[in-house]
Amino acid sequence: MLPKVIELLGRKASGAQFGSLAREEFSWLFLPGRHISLIGARRADMLLSRTKLVAALFAILTPLWGIVDYRFLPEALAQDLLLGRALATLAFVSILAFYNTPAGLVRNSRLALLLLFSVPSFFFLYSTVILAPHALSGMAAALAATHAFLPFLVLAGLSIFPLTVLEAALLALPILVAKAGAGLLFWPTVDWPLALGTLWLLLLIGAVATLASVSQLAFIIALVRNAIRDPLTGAFSRQGGSELLALQFNQSVRNGTPLAVAFIDLDEFKRINDEHGHEAGDRALVAAVQQMTRQLRTGDILARWGGEEFVIIMPNTAAAKAAVGLERTRAAGFGQRPEGGPLTACIGIAERSADQVDDWSMLVDLADARMYEAKQSGRNRIVTRPAA
């Protein structure tokens, strides 16, 4: 039942102008590990910026609320609460101060978000223990009662962030455990019908907030996919390919792993458009992408760089291994020409470590130059190094 609800919500969230999510993309709404790197990076940036915004708000409001405590609560009780508020404020400030490294964006966003939701959970449990022994009345009792609403605020806060179902459940867990723990600490005096009703209401609020989070994620997936995909062929667009290559290049440098790039240009493609029309050219491009996609390994990325030019990004692949795989692609062909005969291509290959390239755009330029060498050498061939 839940997957069907999320699928419907995802389709509504994506909107008509963005199209609906593909079938395989619906699994991305449940588990974060299924996201492609580009979506993961953009979502992490959004998560971290929103986490910092909320942390900044609470870093200001938490100590200010301590002033209200001193105004209406007994001084000793206000001082005890002040210790919890000081620690909470320090945790919120640490989110603003220490989670700024771009290289660890995904990891930082997760840690910051976990801290953001854990701090109110600990403060709720702390304040419950501090306030429970005191018999308060009037404004003091009203002020103390506001602490009981903290779990509702925390769970409602899930709706601010684009989260998967699993992430939302894990972030909701600390406050639910704190609420249950507070009940167990004061087992003899707990009004259990009221406590169970409160817990049920918390679960409902958490479920609604989770659906709101998932709808944001569905919107992001649909928006990013349409922004980074070539509408004709379904391959990544040049913009999407550039961003993915930049991510892969940085990861290759950081981990010391190889990264190969192939620049592919379909041979004599202009003749197809000139002699058979652009519709025939479009059909040939779609067929060529389908042929190349069949030969790609899991993890390889195909991008349409412009016109009849394509780039294949091959992570963790040395130049020699890339040449073997691309020779298989070349031998399989790129479809048929409208007038008959195979559609061929020239391919240039460059590899980050072997070619000692310091920038991803230079890697593409080098592969492009080698592709032109292939064309000048007679077409339908691969060049992996400059001609002697």
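A pocket is, on a 1 Å grid over the protein atoms alone, an open set of points where a 1.4 Å probe fits, with protein on both sides within 12 Å along at least five of seven lines; lining residues have an atom within 4 Å of a point. Grid points are joined across faces, edges and corners, and a volume is the space filled by probe spheres set on the points. The model is predicted: local features need pLDDT of at least 70 and side-chain atom pairs count only at pLDDT 80 or more, while totals for chains, interfaces and linings use all residues. Residues are numbered from 1 along each chain as its sequence is written, and side-chain values use heavy atoms, without hydrogens and water.

- The largest pocket has a volume of about 900 Å³.
- Of the 26 residues lining the largest pocket, Thr-128, Ala-148, Lys-179, Ala-182 and Phe-186 lie nearest its centre.
- Helix 8 gives the most to the lining of the largest pocket, six residues (helices are DSSP runs of H or I with at least four residues, strands are runs of E with at least two, and both are numbered from the N terminus).

**Helix packing**

- Helix 2 (residues 37-72) packs against helix 9 (residues 238-255) at an angle of about 80 degrees, with axes 9 Å apart (axes are lines fitted to C-alpha atoms, for helices over the stretch in contact, and angles run from 0 to 180 degrees between N-to-C directions).
- Helix 2 and helix 9 are therefore roughly perpendicular, a term for angles of 65 to 115 degrees.
- The contact of helix 2 with helix 9 has four nonpolar, four polar and two charged residues.

- Five strands form an open sheet in the order 2-3-1-4-5, with mixed pairing (two strands pair if DSSP finds at least two bridges between them).
- Strand 2 and strand 5 (382-383) stand at the edges with a single partner strand each, so one side of each has no neighbour in the sheet.
- Strand 1 (residues 259-266) pairs with strand 3 (residues 309-315) in the antiparallel sense over seven bridges.

Notes
Parallel < 35°, antiparallel > 145°, perpendicular 65-115°, else oblique. Nonpolar A, V, L, I, M, F, W, Y, C, P; charged D, E, K, R; others polar.
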